[in-house]
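Please open the model in your viewer and get ready to select a few residues by number.

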Amino acid sequence: MLASIGYAVAYTAVGIALLFVGALALDLLTPGRLAKHIYEERSVNAGIALAAGFLGQGAIAFTTIWTNATSGFGRALAYTVVFGLLGVLLQVLAFLLLDVLTPGRLGHHLTGVSFHPASLVSAGSTLAVSAIIVASIWP
């Protein structure tokens, strides 16, 4: 049981680090501080975009752990890191491609205080990219 607790702590630490990296990437793609937009200005758009990133990263981490746990802790942890970082990279790429198709700047739409449907489109894109990665991992 102690070993399993250790694994849970390690996987959770890696998962939280990946969530932080994803949030930092979204923060860099949007104007201003993302946390300020969400917590002080109460931007629903920014909250939707960040929540989708967290859900997508969580799905990727879950899948890598679930499908690789029997191959050994070190290997499963490495898969979690690699596919988690790949998820952040591909989510950023999808954001940038969506920004090209968006009138105006997507980052500005996602930080506005009043609801903008672009936040749902961005969230959908993020979750779709994550689902594709999950499907590529799942045996």
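## A tour of the aromatic rings

Start by selecting tyrosine 11: this residue is buried, with a relative accessible area of 13%. Here buried means under 20% relative accessible area, exposed means over 50%, and partly exposed is in between (1.4 Å probe, protein chains only). You are looking at a predicted model, where local features need pLDDT of at least 70, side-chain atom pairs count only at pLDDT 80 or more, and totals for chains, interfaces and linings use all residues. Residues are numbered from 1 along each chain as its sequence is written, and side-chain values use heavy atoms, leaving out hydrogens and water.

Across the whole structure, a search finds four aromatic pairs. Rings of Phe, Tyr and Trp (its six-membered ring) pair if their centres lie within 6.5 Å; planes under 30 degrees apart count as stacked, over 60 as edge-to-face and the rest as tilted.

Helices are DSSP runs (H or I, at least four residues), numbered from the N terminus. Phenylalanine 73 is partly exposed, at 27% relative accessible area.

Next, select tyrosine 79 and phenylalanine 83. Their ring centres are 5.9 Å apart and their planes at 20°, so they are stacked. Both lie in helix 4, four residues apart, about one turn of the helix. Tyrosine 79 is partly exposed at 28%, while phenylalanine 83 is buried at 18%.

Finally, select Tyr7, Tyr11 and Phe73 together: they form one aromatic cluster.

Definitions and conventions: Helix = DSSP H or I, 4+ residues; strand = E, 2+ residues; numbered from the N terminus.
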